[in-house]
Amino acid sequence: MQTIISIKPLLAVLVSLLAAPLILLSGNRPNLRESWSILAGIIKFSIVMSMVPAIFAGNTIELTLVRFYEGIDIKFRVDALGIIFANIASFLWIVTTFYSVGYMRSAKEHSQTRFFTCFAISLSATIGVAFSANLITLFVFYEILSLATVPLVGHKETPEAMDGARKYFLYLLSLSKTLLLSGIIIVYMVAGTTDFASHGLLKNAQGSTLLFVTFFLFLYGFAKGGVMPVH
């Protein structure tokens, strides 16, 4: 088992992010707009699949983008669980894009360009979550995912949809800043790092009150995604 330094995780994240402005600029040409989305999905899936042999051989792929301080950085790590999640997400994006094109056109939905643009950004954030090597990276991409999906929640622009989008925006901001970020800070103070570890970051704090407090901070911090029973 060895650690391979590669730019592939970054490329997998960037593909649909780079497609977003192309989708936005092609708003008056629906066929071209949706072609960008489909093409980006195929390229993303191909990049993710290209990492499968190395991961199945027992290796991990890593890439550090930015180091702010010791134990605090934006870093990707591709492991077995991450590659499975990324493969499912990138493959389903291709399928869902074809479905969305048919649905949006047949229903004559408004703001289709906005929909596909936010959809592309959401996929970049999802792959970023899958390949996160630490809590800081996970937090950043989870927040990008949350913000990118706000327009999708309120897409219909009916009073109910707009009210739902406002609540979603309020919850994700308040829960992330007060609970999720607080949990990450506690983990860093106790463990001295935010990097994911196979045996856990707080193994020395097992059974302590701090461990239970941190657990609930993460539980409710991530519950903004509509997880039962705190949805």
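**Close-up 1. The side chain of S6 and the backbone of K8.** In this predicted model, the side chain of S6 reaches the backbone nitrogen of K8 at 3.1 Å. This is a polar contact (a pair of N or O atoms within 3.5 Å; within protein, one must be able to donate a hydrogen and the other to accept it, and residues adjacent in sequence count only if both atoms are side-chain atoms). Look for S6 in the loop between β1 (3-5) and α1 (8-25). Helices (H or I, at least four residues) and strands (E, at least two) are DSSP runs, numbered from the N terminus. Residues are numbered from 1 along each chain as its sequence is written. Because the model is predicted, local features need pLDDT of at least 70 and side-chain atom pairs count only at pLDDT 80 or more, while totals for chains, interfaces and linings use all residues; side-chain values use heavy atoms, with hydrogens and water left out.

Close-up 2. Is S6 buried or exposed? S6 is buried, at a relative accessible area of 15%. Here, buried means under 20% relative accessible area, exposed over 50%, and partly exposed in between (1.4 Å probe, protein chains only). Leaving aside neighbours within four places in sequence, S6 is in contact (heavy atoms within 4.5 Å) with I61, E62 and L63.

**Close-up 3. R77 and E62.** Now meet a charged pair: the side chains of R77 and E62 form a salt bridge, 2.9 Å from N to O. R77 belongs to strand β3 (residues 72-78) and E62 to strand β2 (residues 60-69), so the pair ties together parts that are 15 residues apart in sequence. A salt bridge is a side-chain nitrogen of Lys or Arg within 4 Å of a carboxyl oxygen of Asp or Glu. Side chains of opposite charge can pair when their charged atoms come close. R77 counts as buried at 17% relative accessibility, and E62 counts as buried at 15%.

**Close-up 4. R67 and D73.** In this salt bridge, the closest N and O atoms of R67 and D73 are 3.0 Å apart. D73 is buried, with 1% relative accessibility.

**Close-up 5. K156 and E109.** Here the side chains of K156 and E109 meet in a salt bridge, at 2.5 Å from N to O. The two partners link distant parts of the chain, 47 residues apart: K156 sits in the loop between α6 (135-153) and α7 (159-191), and E109 in the loop between α4 (80-106) and α5 (112-130). K156 is partly exposed at 45% relative accessibility, whereas E109 is buried at 11%.
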